[in-house]
Amino acid sequence: LAQQNLTSEMLEQDLRDQYVTSHVGSAVFAGLQAPRVYAALLAGQALETRDGRWFSVTQDMAGRAGAPTDAQLTAFMKENEARLRSPEFRMISLVLFTPGPNDPRPTVTEEQIQERYEFRKAALADPEKRTFVTLTVPTKEAADKIAADLRAGKAPAEVAKANNIQLGDYKATPQAAVGDPAVGAAVFGLAVDQVSAPIQGRLGFTVAKLAAIQAGQAVTLESARPALTQELQAEAVKAATYAKVEQFEKARQEGKNLADAATAAKARVIQLPPFTQQGQLPDGQPMNAPRQVLESAYTLTKGGESDVIDAGDGQYFAVRLDDIRPSALPTLDEVRAPLGQQWTLRENARLLSAKAEQLAGRVRAGEDIAKVAAEAGAPLTVRTGVQQSRESQAQVGDGVLRGLFGQSKGQVFSDAQSQTAFVVGRVDAIHAANPALAAPLAEQARPRLTEELANTLADRTIAAAAARTKSRNDPALALQALGVEAPAAAPAAPAAPASAKK
């Protein structure tokens, strides 16, 4: 409890809250039943069937758009300006203070390695581990009885069951991993198969029985040398990096510009490729650069230079904004081919929709659908008993299913069946579900509806309580309090001209 910053009173209150919430929820759910009419509506809708007639309208019937003119493409570009416009790009010079990939690694002396080994020897060693069981009870008298039973040869699991307590089973556990220090100290003083005297710990009196000892293993200097050398070199790199940062800042205070200060500090200056505010390169790929660098680049004016940026983990940068490529529309010649393709697709879709609506209008006006289909050169499909199911969806298509079950008897529908075809149809009859089949289905659906109703009721109750107590939820503040960095929103990929649509 102490490790979790809790008191016994706080834990008890938390458990009470959990139990109360669980019991209230169980009671509400046990006493709640969704009205039968809810399930009956679902069952009736699922088993309802409809009769209809329809025909398909194809692109050949509607005609095809010709080649667009420059004026039409220019107007189309203007309609899709937001999608076609390229984002603003910025180009920067970046000062790097860390060693380059071809720079030699810092030299580490034998004395440094030996000194670090002596300092870290205990932490690097593999500690002794022990396998044991524990039984914890509130009183010393009960613990004395448990110790006597274990010494008499009774199995720990049997003793735990007889005392109605949970057995603590520790497999190959180091002393540092035992939650109660008193228990850990006692266990690591036992011999194999020895039973401890009652140990007064944080949660009562504990009796432990040791089953096995796994001896620790000390680490040698030679086995630890590679890791220690790498650790010391990393520290040396950080120290050298910070020394360059100090030299750079001193040079800037003396009035030198970014490039001259970088030269004085023996830092590297590189030019990064153009990138957007979201950190994307012109090809849409993300640029591998710290977030602080990107943010700094978009706070500067052209030619501006930043202070040293601490990106964490020993990384420091400075930025100079070299140039800004403003957001702009491409020229017509640059996007003529893909833009023309998208314009043609849009116009063909418009012609197809208009043709389907014109034929549907004739049926709505009273003409027989069979006559309209015949004059359009389309075969008429007649189906009875169509049901809302995956099987029907596969047989007749989404457009027909939406039309048949989206209109009343005698009404006409027109809907897209695919990207290259529309469907025009008429609802001839609606047949209610068979009660003998719908009733069992309704009873099967009722528990699921009840569960959804209970969950909704719980959500509404919590929302009402939050409103009454004026509670609020601030995820950003919560992350800040935890010291966790909020995840960056995924940048939207720039739209290619070929995807421009109305």
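## A nonpolar surface patch

Welcome to this predicted model. Together, Leu 1, Leu 6, Met 10 and Leu 203 make a nonpolar surface patch with about 370 Å² of accessible area. Patches consist of residues with over 30% relative accessible area and no salt bridge, joined within 9 Å for like charges and within 5 Å for nonpolar side chains (Val, Leu, Ile, Met, Phe, Trp, Tyr). The areas come from the Shrake-Rupley method with a 1.4 Å probe, and for residues only the protein chains shown count as cover.

Leu 6 sits in the segment before helix H1 (8-30). Helices (H or I, at least four residues) and strands (E, at least two) are DSSP runs, numbered from the N terminus. Leu 6 counts as partly exposed because its relative accessibility is 33%; buried means under 20%, exposed over 50%, and partly exposed in between (1.4 Å probe, protein chains only).

## How to read the model

Residue numbers start from 1 along each chain as its sequence is written, and side-chain values use heavy atoms, with hydrogens and water left out. In this predicted model, local features need pLDDT of at least 70 and side-chain atom pairs count only at pLDDT 80 or more, while totals for chains, interfaces and linings use all residues.

## An open antiparallel sheet

An open sheet is built from 4 strands in the order S7-S2-S9-S8, with antiparallel pairing. Its edge strands, S7 (268-271) and S8 (309-312), each pair on one side only. Two strands pair if DSSP finds at least two bridges between them. Strand S2 (residues 89-96) is joined to S7 by 4 bridges, and Ser 93 stands opposite Gln 271 in S7.

## Positive phi values

Asn 164 is not a glycine, yet has a positive phi of about 55 degrees. Asn 164 lies in the loop between helix H8 (156-162) and strand S4 (168-174), and is exposed at 72% relative accessibility. Ala 172, in strand S4, also has a positive phi, near 45 degrees.

## Salt bridges

The whole structure holds 36 salt bridges, each a side-chain nitrogen of Lys or Arg within 4 Å of a carboxyl oxygen of Asp or Glu. Asp 144 and Lys 140 form one of them (3.2 Å, N to O); both lie in helix H7 (residues 140-151), 4 residues apart. Glu 222 and Arg 225 form another, at 2.8 Å, and are 3 residues apart in helix H10 (residues 221-253), so about one helical turn separates them.

Arg 426 and Asp 428 also form a salt bridge, with their closest N and O atoms 2.7 Å apart. Salt bridges with shared partners link Arg 53, Asp 368, Arg 426 and Asp 428 into one network.
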